[in-house]
Amino acid sequence: MKIAQVTPLYEAVPPRLYGGTERVVAHLTDALVDLGHEVTLFASADAETRARLIPVRDQAIRLDPAPFKSDLAAHLAMLSEVLKRAEDFDVIHFHTDMIQFPMFERYADRTLTTLHGRLDMKDIGGVYERWPQFGLVSISDDQRRPLPFANWKATVHHGMPGETYKFSPKPEGYLAFLGRISPEKRPDRAIQIAAALNKPLKMAAKVDAADKVYWETVIKPMVDASPLVEFIGEIGDHQKSAFLGGAEALLFPIDWPEPFGLVMIEAMACGTPVVAFRCGSTPEVIEDGETGYLVDTLEQAVAAAGRAHLLDREAIRARFDLRFSATAMARRYLDVYGDLSAQRPFAEQLIDGYAAPRHEPLSFAVLA
């Protein structure tokens with residue numbers, strides 16, 4: 001297949017530090033190439049990919065030192081480049097929310113849009129009512145709740161390349177928090193859980209400008225007051241195996257409808273169990289009592305974190321390989337691409353000279 005992957009421009013592909021969507025796009029793109037498909041990635045010039053790269057900006061936006069920049073202008077310029085080449089692709093896979101809809105109405109039947117963020121915000125519903133012809137993919141079933149009427153084609157859970165993460169059979173006795181310092185991520189709960197167990201807590205987290213007041217007034221005083229807490233700051237992929245693999249458990253004490261939660265499967269790849277509050281996607285990702293524990297209260301979280309070391313770390317890694325590898329994710333997307341192609345007129349279903357009957361969807365995973 002000839003597949004275009006269109007990523008947001010906020011982070012490099014993959015990100016140098018924090019970043020979820022662009023990391024998923026990077027691993028999906030490489031996995032599709034490894035499966036034998038012809039993939040073109042539209043991204044900033046600092047992307048690292050096995051696909052054909054069409055650079056649309058000199059570098060990713062967030063770490064660009066330029067004092068003034070327009071993310072809207074950057075994304076519109078990228079979409080213009082994609083539009084010029086639209087006829088070259090069997091599938092154009094967008095990861096840019098809804099900004100492409102007005103420009104790609106003519107090509108809606110050959111596009112797929114994965115929604116990576118929360119959908120319970122004002123104004124969003126009207127967009128998907130206005131452009132129902134665009135097929136959508138959710139990253140968890142729970143993510144769909146605010147938009148049950150939307151044109152959902154599938155749910156595809158995220159995946160990561162197993163070789164990126166080193167399995168760690170013996171943890172070092174601390175708890176871990178990895179992600180972003182923000183009220184909905186509840187780092188305060190992580191500190192409270194560690195304090196209740198009298199266990200060290202290592203926090204590797206990004207502080208966005210929007211969350212600086214929360215950090216300064218709520219979380220930093222808690223960190224400074226506890227000798228058990230070590231705040232590390234942002235870390236990159238090359239540091240995650242040691243950070244997550246050394247932990248007895250990853251604490252995922254969220255208080256919002258998390259669409260997926262990439263850090264949960266990153267921990268599982270290292271063999272580390274996850275203690276997660278039952279919010280958003282967590283029941284779809286964590287197998288309670290197998291790869292971690294699902295909890296509803298702080299007291300339950302403390303008890304779960306205290307017994308997490310009893311779980312089988314090899315079994316946790318095996319569940320990651322089965323459910324959340326990059327190849328598993330790519331094969332699920334190939335099924336969706338095949339369904340999308342099968343719904344187009346017969347003449348458009350030609351691939352390398354082969355045409356499938358309209359009633360018989362092409363199985364691109366098999367062709368791979």
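**A close look**

A: The buried residues of helix α2 are Ala 74, His 75, Met 78, Leu 79 and Val 82. Buried means under 20% relative accessible area, exposed over 50% and partly exposed in between, with a 1.4 Å probe and protein chains only. Seen down the axis of α2, these buried residues fall within an arc of 130°, so they line one face of the helix; the arc takes the directions from the helix axis to the C-beta atoms.

The model is predicted: local features need pLDDT of at least 70, side-chain atom pairs need 80 or more, and totals for chains, interfaces and linings use all residues. Numbering starts from 1 along each chain as its sequence is written, and side-chain values use heavy atoms, without hydrogens or water.

Helices (H or I, at least four residues) and strands (E, at least two) are DSSP runs, numbered from the N terminus.

What does the buried face of α2 meet? Its buried residues pack against β1 (2–6), β2 (38–44), β3 (52–57) and β4 (91–94). Contact means heavy atoms within 4.5 Å.

Now the loop residue. Val 156 sits between β7 (152–155) and β8 (174–180). Val 156 is buried, at 1% relative accessible area. Leaving out residues up to four places away in sequence, Val 156 touches Val 137, Ser 138, Ile 139, Met 329, Arg 332, Tyr 333 and Val 336. Tyr 10 lies 146 residues from Val 156 in sequence and 23 Å away in space, C-alpha to C-alpha.
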